[in-house]
Amino acid sequence: MNSNVQPILLIEDDLVDIMTVKRGFKELGVLNQLIATHNGEEALNYLNDPVDGMPCVILLDINMPKMNGHEFLNGINKNTTFKNIPIIMLTSSKEQQDVDNSFEQGISGYVLKPVDYRQFLASINVLSPYWTLKG
């Protein structure tokens, strides 16, 4: 692993979705380490002590236990240390209110989780400028 490559922080409580992201990144040749946390609280704890480095991008789900995506955004927005980390909402919520609230809270993008794996690969491949790919 290249030590200059920043990790990607995934905040997702669904283990199947975590495995899908891992599989997708492997297939797309993403070199970044994927750090998975299961709710916003775990993610904030990681960011406050980034043992594997500060992430280059955060992939965030909305619906999670303990601290959901919107609550995480409220927490992260209070700390200017994290303001330059792009946050992509990666969620199954099609609710316009969730989309609007997310952008109001400063996210960089909103990607719907497709059920089909090929669609999912295409969706996350759009985000490739955020991470390091094999040459």
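Guide: Let us begin with burial. A residue is called buried under 20% relative accessible area, exposed over 50%, and partly exposed in between, with a 1.4 Å probe and protein chains only. Helices (H or I, at least four residues) and strands (E, at least two) are DSSP runs, numbered from the N terminus. In strand β1, Ile 8 and Leu 10 point one way while Leu 9 and Ile 11 point the other way, and all are buried. This is a predicted model, in which local features need pLDDT of at least 70 and side-chain atom pairs count only at pLDDT 80 or more, whereas totals for chains, interfaces and linings use all residues. Residues are numbered from 1 along each chain as its sequence is written, and side-chain values use heavy atoms, with hydrogens and water left out.

Visitor: How many bridges join β1 to β2, and how many join β1 to β3?

Guide: Two strands pair if DSSP finds at least two bridges between them. Strand β1 (residues 8-11) is joined by four bridges to strand β2 (residues 34-37), and the two run parallel. Within this pairing, Leu 34 of β2 is the bridge partner of Ile 8, and Ile 11 stands opposite Thr 37. Four bridges also join β1 to β3, again in parallel, with Val 57 of β3 as the bridge partner of Ile 8.

Visitor: Which strands are joined to β4?

Guide: Strand β3 is joined to β4 by three bridges, and they run parallel; here the bridge partner of Ile 58 is Ile 87. Four parallel bridges join β4 to strand β5 (residues 109-112), where Met 89 has Tyr 110 as its bridge partner.

Visitor: How does the chain cross from β4 to β5?

Guide: A crossover is right-handed if, with the strands pointing away from the viewer, the path from the first strand over the helix to the second runs clockwise. The chain passes from β4 through α4 to β5 in a right-handed β-α-β crossover.

Visitor: Are the faces of β4 buried or exposed?

Guide: Both faces of β4 are covered, with Ile 87, Met 89 and Thr 91 on one side and Ile 88 and Leu 90 on the other, all buried.

Visitor: Which residues touch the most other members of the largest nonpolar core?

Guide: A nonpolar core is a set of buried Ala, Val, Leu, Ile, Met, Phe, Trp, Tyr and Cys residues joined through side-chain atoms within 4.5 Å. The largest one has 22 residues, of which Leu 47, Ile 58, Leu 60, Phe 72 and Ile 76 touch the most other members. Two or more residues come from each of β1, α2 (40-48), β3 (57-60), α3 (69-77) and β4 (87-91). Helix α2 gives the largest share, four residues. Another core lies apart from this one and has 19 residues, among them Leu 34, Phe 120, Leu 121 and Leu 127.

Visitor: With which residues is Ile 76 in contact?

Guide: Contact means heavy atoms within 4.5 Å. Leaving aside neighbours within four places in sequence, Ile 76 is in contact with Leu 44, Leu 47, Ile 58, Phe 82 and Ile 87.

Visitor: How many aromatic pairs does the count come to?

Guide: A pair of aromatic rings is described by the distance of the centres and the angle of the planes. Rings of Phe, Tyr and Trp (its six-membered ring) pair if their centres lie within 6.5 Å; planes under 30 degrees apart count as stacked, over 60 as edge-to-face and the rest as tilted. By this rule the count comes to one aromatic pair. The ring centres of Phe 25 and Trp 131 are 4.7 Å apart and the planes lie at 55°, so the pair is tilted. Phe 25 lies in helix α1 and Trp 131 in the segment after α5 (117-125), so the pair ties together parts that are 106 residues apart in sequence. Phe 25 and Trp 131 are both buried.

Visitor: What is the phi of Lys 66?

Guide: Most residues other than glycine have a negative phi. Lys 66 has a positive phi, near 65°. This residue is found in the loop between β3 and α3, and at 67% relative accessibility Lys 66 counts as exposed.
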